[in-house]
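Please look over the sequence and the structure shown below before reading on.

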Amino acid sequence: MTEKQLIGKIRELRQIKPRKDWVVLTKSQILGEVERERVSVSFFPLWRPALATVTVFGILFISFGFAQSSLPGDFLYPIKKIAEKSQAVFVSEKELPKYNLEIVNKRLDELNEIAQTNQVKKLAPAISEFQANVSEAAKSLAKVKGQDVEKIVEETKKLEENKKKVEDVLATKIETEELDNALSQIVEIQIKDLEERTLTERQEEILAEAQNDFEAGNYSQALEKILILSNP
Amino acid sequence: MANLRKIFSQIYDKYIDKIYRFIFLKVNSEEIAQDLTSETFLRGWESFKNGNKIENPQAFLYRIARNLVIDHYREKGRTQVVSAEFAPIVDPREDLEEKAILTSDVDRIKQVLVNLKEDYQNVIIWHYLDDLPIQEVAKMLDRTEEATRVLLSRALKTLKQSIDLRNQ
């Protein structure tokens, strides 16, 4: 291929364009009002703003509804993510680790559905979304303190179950190193804290089991035991 | 505010295709390209409506887009990397006939381009796809015109070598 031919081929990449429906939807999400101004309505002028508002909200409402079941790579998926991000704004800092773990579980559910239905094209974006949410969850877990452990136990357990399900279907290991490190730190701190307390014989046994779970990397099981000891 | 919206709406219409393509060629995923493109314009709009003077909207949007792509890869660096060679190449065009236009050569360029270093990608996209004159590309890259010409020539050479290597 000569240089001239190469430049010609490079120029063919101009055909890469975003989907028109996505362009319109994104613009209305960013600028909102602009699209409303352009809605052409043939009714009496006074009806225009009201009707346009109802239409925009109607479309948004329906889109949000449909977006909930969308998967990475789907047209409506960005709306689902926007909804999640907006929801996160209203979540308190204490609840954020739990919320982020719920989101990671949602990503695993999506991955599971994609894997089950063999939607190969959606696999790469789904893994990418999953990893991004794992990173976010790991960051928020770093801020978890003693009394907040209770909040994350259930979601952590669910996460391990979901992860196993996806790994079985894909026959490959799903990497969650960052999350594991964050959980490992929480468990370690909690175990050290419990070691300094006066425990009954039965409680000592549970703590020993929790330590074994910790060493084996079964953080959700260790957390469950820590929770029993923290709330006798 | 309505006036600001109108101005930014025009900026959006003018640059949405270019910014999307710029990001898509770097991330090779429709989903991620959509995400990063909407974030680029959202940040642009927030800055614009807060009264920041934007003298060159194109350079301003490209700067945001570049930073977002860098952040994306920085985050990805800690996680699993799906090689562009093996990842399904998501074609953003719906029309089948249109899809057929891209030959395997073009697909190969797309795959090789995504693996080039950032400055090489930028200079190729801006000069050959966006038709920006060297003078403007130089400004965006914060280099002299001469240095930009040298960069462009090296970028093209590297792209050609990588394609030839794949063809062997």
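Is the crossing of H6(B) and H7(B) left-handed or right-handed?

## A packed pair of helices in chain B

The crossing of H6(B) and H7(B) is right-handed, where a crossing is called left-handed if the near helix is turned anticlockwise from the far one by less than a right angle, and right-handed if clockwise. Helices here (H or I, at least four residues) and strands (E, at least two) are DSSP runs, numbered from the N terminus. Two packed helices are described by the angle between their axes and the distance between the axes. H6(B) and helix H7 (residues 134-141) of chain B pack at an angle of about 145°, and their axes are 10 Å apart; the axes are lines fitted to C-alpha atoms, for helices over the stretch in contact, and angles run from 0 to 180 degrees between N-to-C directions.

From H6(B), the residues B:Asp119, B:Asn122, B:Val123, B:Trp126 and B:His127 meet B:Ile134, B:Val137, B:Met140 and B:Leu141 of H7(B), with two residues taken to be in contact if their C-beta atoms, placed from the backbone, lie within 7 Å. The residues of this contact divide into six nonpolar, two polar and one charged, where Ala, Val, Leu, Ile, Met, Phe, Trp, Tyr, Cys and Pro count as nonpolar, Asp, Glu, Lys and Arg as charged, and the others, Gly among them, as polar.

Residues are numbered from 1 along each chain as its sequence is written, and chains are lettered from A and ligands numbered from 1 in the order in which they are written.

The mean pLDDT of chain B is 83, and 83% of its residues reach 70 or more, pLDDT being the predictor's confidence in each residue, from 0 to 100. Over residues 78-102 of chain B, however, pLDDT stays under 50, and for this stretch the model has 45 contacts beyond four places in sequence. Where pLDDT is low, the predicted coordinates should not be read in detail. For the complex, the predictor gives an ipTM of 0.79 and a pTM of 0.48.

## Chain B as a whole

Chain B has eight helices and zero strands, and from the N terminus on its elements run α-α-α-α-α-α-α-α. Of its 168 residues, 33% are buried, a residue being buried if 20 or more other C-beta atoms lie within 10 Å of its own, exposed if 12 or fewer, and partly exposed in between, with C-beta atoms placed from the backbone. Among contacts in chain B between residues at least 6 apart in sequence, 63% join residues at least 24 apart.

Most residues other than glycine have a negative phi, and most peptide bonds are trans. B:Asn28, although not a glycine, has a positive phi of about 55°, and this residue is found in the loop between H1 and H2 of chain B. B:Asn28 counts as buried because 23 other C-beta atoms lie within 10 Å. B:Asp142, found in the loop between H7 and H8 of chain B, also has a positive phi, near 60°, but B:Asp142 counts as exposed because 8 other C-beta atoms lie within 10 Å.

## Chain A

Chain A comes to eleven helices and zero strands, and buried residues make up 32% of its 232 residues. Helix H5 (residues 77-89) of chain A has 13 residues and reaches 19 Å from its first C-alpha to its last, close to the 18 Å expected at 1.5 Å a residue, where the expected span is 1.5 Å times one less than the number of residues. Among the buried residues of H5(A) are A:Tyr77, A:Pro78 and A:Ile79.

Helix H6 (residues 96-116) of chain A has 21 residues and reaches 30 Å, close to the 30 Å expected, and just after H6(A), A:Asn118 takes a positive phi of about 55°. A:Lys158 is found in helix H8 (residues 149-170) of chain A, and A:Lys158 counts as partly exposed because it has 17 C-beta neighbours inside 10 Å. Although A:Lys158 and A:Asn105 are 53 residues apart in sequence, they are 7.3 Å apart in space, C-alpha to C-alpha.

## Where the two chains meet

The contact takes 48 residues from chain B and 38 residues from chain A. H1(B) gives the most to the side of chain B that touches chain A, with twelve residues, and the residues of that side divide into 26 nonpolar, seven polar and 15 charged.

Terms used
Predicted model: local features only at pLDDT ≥ 70, side-chain atom pairs only at ≥ 80, totals over all residues.
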